[in-house]
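Here's a quick tour for anyone meeting this structure for the first time. Take a look at it below, then read on.

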Amino acid sequence: MLLTAWLVVDHASGARLALAAGVSLLFFSLGLVAPRLLVFVVVVWLAALGLIRRLVTEVSPISHADYLLLVVPIAVVALLLGANERGAFREKTTLAKAVAALSVLLLLGAANPLQGGPAVGLAGLLLVFVPTLWFWIGRGLRDDRILVTLFKLIAALGIAAALYGLAQTFLGFPGWDTRWIRDYGYAALNVNGTTRSFSSFSAASEYATFLGVAVVAWLGFGLRLGWIPLTLASVALLGFAEIYQSSRGIVFTIFLAVGLMAAAWRRLPLGLGMAAGGAFIVLVPFLFSQFVSAGTGTVYGGNSALVSHQVGGLADPLNPETSTLVGHLSLLKLGLSSAIHHPVGIGVGAVTQAGSKFGGLAAGTETDPSNVATGLGIPGLLAYLFVLVVGFRRTYVLAAERRDRLALVALGVLAVTVFQWLNGGQYAVAFLPWLMLGWVDRVWLEERGSS
């Protein structure tokens, strides 16, 4: 036994496998005896996962697949066992049935032969199907204080992540980050010759979205007497880090989230609330155009390629020379139209990183509606749209009726991650909208007694 263990650890990727196995066992055991504590531990693990992966790579390089990505799926199994005992799978509402139907379609999509070999489908399930299981975990949470504490933790982790990301931007990347960029970097990291920050996460987009969720958490729980100065300073820091991270889409969804949260707090009807969210989105180009010199397109007082890229795109999002919005819309149209040619899709793995990683099709379109249409075809698109519309509607109604901080944060999370609910590559974020949808579904059932 000792010889076998030595051989495993001595293998090139053995240390990685040993760490993954040890942490998985620890998390699974913790989930059986203290599932509430495991939820917090998983959040911290995911927020640091990118950094952990890079540090472990220093001594144990990634061979073909990264075993560390299996830790959370194993933890989810333990959490589901506890959720089942608390009745998470009983008294299914319309929303719960729709989520279950979408999950079944994801499982079937993993077997689609058009995407490539079996490894493509299985890896796609880890990225897309596993996050949706948090719906049932959220449905099984019977203590709202768990989620309140969870988002306060995310608010604190967001500050730490922002400081790390800003250090990467202004002080330079540490050795482990530099070597990861060299060996595993991707094209989107480069912005006009400058590498954008990714903090402790596995991707720059994941870092940007996590900052957005942290902004929602600070605004939801921090705007109270005595905390307002700290909250404003924290949001300013997160916003500063978001600008220098240089992703544009997340800025629009942050404004959308703030608009919807404000509308729900004012108890505006759903239609007016959506209009308010749209108005906040329209504010973005107006506000950022104030930072652009008239007639020159340069940023006032700024020499940073990252800031120029960010502000230029936000100020004129329809200009293909400064923004990629038109390109994203083209991908959206292409993905939606693919459902006509492939009514049952080409497989869930084809629209995730699994397609390129395991030699299958790589047909990702960067947003949920077109990804679902491409991967799962018309049935998947219909199921996803039903979950999206019903989930948003019920969350907004609850937030407007209750006006409590947790319901407002739930609405903000759905908004700030909109069209990225099935982006499993954002490990630290992908589970959050599903967790909150599950909580909303449980509260809806308890307070209204209807499906």
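## A first look around

R394 is buried, with 8% relative accessible area (buried means under 20%, exposed over 50%, partly exposed in between, using a 1.4 Å probe and protein chains only). Before going further: this is a predicted model, where local features need pLDDT of at least 70, side-chain atom pairs count only at pLDDT 80 or more, and totals for chains, interfaces and linings use all residues. Residues are numbered from 1 along each chain as its sequence is written, and side-chain values use heavy atoms, with hydrogens and water left out.

Back to R394, which sits in helix α17. Setting aside residues up to four places away in sequence, R394 touches T93, T94, L95, V440, D441, W444 and S451 (contact means heavy atoms within 4.5 Å).

Now for the whole chain. The protein chain has 19 helices and 2 strands (DSSP runs numbered from the N terminus: helices are H or I with at least four residues, strands are E with at least two). Its radius of gyration is 22 Å, close to the 22 Å from the globule rule for 451 residues, so the protein chain is as compact as a globular protein of that length (the radius is taken over C-alpha atoms, and the rule is 2.2 Å times the number of residues to the power 0.38). Some other overall values:

| Item | Value |
|---|---|
| C-alpha trace of the protein chain, span along principal axes | about 70 × 55 × 55 Å |
| Buried residues of the protein chain | 52% of 451 residues |
| Contacts joining residues at least 24 apart, among those at least 6 apart in sequence | 76% |

What about the inside? The largest nonpolar core has 122 residues, and F151 and W434 touch the most other members (such a core is a set of buried Ala, Val, Leu, Ile, Met, Phe, Trp, Tyr and Cys residues joined through side-chain atoms within 4.5 Å). Helix α17, residues 368-402, gives the most to this core, with 13 residues. Beyond four places in sequence, the residues W434 touches include V99, P131, F135, V387 and W421.

Is L219 buried or partly exposed? L219 counts as partly exposed, at 22% relative accessibility. You'll find L219 in helix α10, residues 204-222. Leaving out neighbours within four places in sequence, L219 is in contact with V235 and V258. L219 and L232 are 13 residues apart in sequence, and their C-alpha atoms are 8.5 Å apart in space.
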